[in-house]
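The questions below walk through a predicted model, and each answer is meant to be followed with the structure open alongside.

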Amino acid sequence: MASDNLPHVVVSVLNWNAASTTLSCLRSLLRQAQPDMRVELVVVDNGSAEADLDVLRAGLPSGVRLLRLDHNTGFAGGHNVVIRDALSRNADFIWLLNNDTQVADSALARLVDFMQRHPRCGCVSPVIHALHDDRLVDFCGAWHDWAALESRRPSDPAIARRMEQTAPEQMWNHGTAPLLRLRALAAVGMLDERYFAYYEDDDLGVRLSRGGWMSQVCHEANVRHERRTAILAERPAYYFHLMARNAFLFWEGHTLAPHRRGLRRRLLCRALIEAAKLRERGYGDKASACLTGAVDGLAGRSGPPRLDATPPAWITLAARAPYRLLKPLAD
């Protein structure tokens, strides 16, 4: 705890060519009074274009610290800059907050209070609602189904609460707005930068659990988050590359022996099915990115996505196999 006995909280927000969105997020944060904690706001600009950086600098509220990186280090690399600094200064908590969120009143105070009442909690998330309709729940808790190689993320808080009660050690939190106990990160490690983006939150959740820390949800705290409903159309090519690649990194790295049979075959077939869907909808560049992601996953590559790579002929041909043949091999 900080020397003044107030909890010391560092808030880390990443910006990458979305200054107006980031500034709106910061305004929602600054509307909250935080009388019982010491709060620092840090924005990491992850190598944005100069024009976007100019907008960010011009609108940055007083008291918010800006860290400028010369290239995009990804979600993990960008937040780790702030995590390292917070650890070096013995802060208590760090809140990783997506820049496309809006923070409800008292959300941070309720998260910190939850942490103080649950000393074995290493990560707590608010309930996350859709930005355009706060009746829609985007996140209220999650766990990994190792047999199915799936992440279960119910939209019904009652289902998530039951899982929290029956298997609390299985829970993990989405990376949209997790408050992390820095002592827990000191014990299990920071975000794994091999992922660059996507699955690093799954990975951290597993490491926390296996290190004896809990991931929980504070159902009294709320954050609203921009929801993407048309995934194939709205997500950029790098998303499909990283999701296909990082699936291999995550599931191969953490799945226990009883559930590993056919693991690589199943992940490869899932990527082939996703690429086929993208190609059929006319997103050829995204289909290629998905296939090169699968190739990189098989090869054990990590780091930034390779969007200039061309998928080899064998996987392009395999992605044209009939769905009825691929689907059973993916399950």
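Q: Which residue is the bridge partner of Cys121 in strand 12?
A: The model is a predicted one, and in it strand 6 and strand 12 run parallel and are joined by nine bridges. Within this pairing, the residue of strand 12 that bridges to Cys121 is Met214.

Q: Which residue of strand 11 stands opposite Val124?
A: Strand 6 also pairs with strand 11, residues 179-181, and here the sense is antiparallel, with two bridges between them. In this pairing the residue of strand 11 that stands opposite Val124 is Leu179.

Q: Why is strand 6 largely enclosed by the rest of the structure?
A: A residue counts as buried when its relative accessible area is under 20%. Strand 6 is largely enclosed by the rest of the structure because the number of its ten residues that are buried is ten.

Q: Which element gives the largest share of the largest nonpolar core?
A: The largest nonpolar core has 32 residues, and those that touch the most other members are Val11, Leu29, Trp95, Leu97 and Leu179. The elements that give two or more residues to this core include strand 1 (8-15), helix 1 (19-30), strand 6 (121-130) and helix 4 (107-117). The largest share, six residues, comes from helix 4.

Q: Which residues does Leu179 touch, not counting residues up to four places away in sequence?
A: Leu179 is one of the residues that touch the most other members of the largest nonpolar core. Leaving aside residues up to four places away in sequence, its contacts include Val9, Leu108, Leu111, Val112 and Met115.

Q: How many residues does the second, separate core have?
A: Among the members of the second core, which is separate, are Leu263, Leu278, Leu291 and Val295. The number of residues in this second core is 31.

Q: How many residues in the contact of helix 10 with helix 13 are charged?
A: The axes of helix 10 (residues 263-280) and helix 13 (residues 323-330) come within 8 Å and cross at roughly 145°, and the crossing is left-handed. On the helix 10 side the contact is made by Arg265, Arg266, Cys269, Arg270, Leu272 and Ile273, and on the helix 13 side by Tyr323, Leu326, Lys327, Leu329 and Ala330. Of these contact residues seven are nonpolar and none is polar, while the number that are charged is four.

Q: Which residue with a positive phi follows helix 7?
A: Helix 7 (residues 200-210) is mostly covered, with nine of its eleven residues buried, including Asp203, Leu204, Val206 and Arg207. The residue that follows helix 7 with a positive phi, near 95°, is Gly212.

Definitions and conventions: Residues numbered from 1 in each chain as written. Predicted model: local features only at pLDDT ≥ 70, side-chain atom pairs only at ≥ 80, totals over all residues. Heavy atoms only, no water. Core = buried A, V, L, I, M, F, W, Y, C linked by side-chain atoms within 4.5 Å. Buried < 20%, exposed > 50% of the residue type's maximum accessible area, 1.4 Å probe, protein only. Helix = DSSP H or I, 4+ residues; strand = E, 2+ residues; numbered from the N terminus. Contact = heavy atoms within 4.5 Å. Pairing = 2+ DSSP bridges. Axes fitted to C-alpha atoms, helices over the stretch in contact; angles between N-to-C directions. Left-handed = near helix turned anticlockwise from the far one by under 90°. Nonpolar A, V, L, I, M, F, W, Y, C, P; charged D, E, K, R; others polar.
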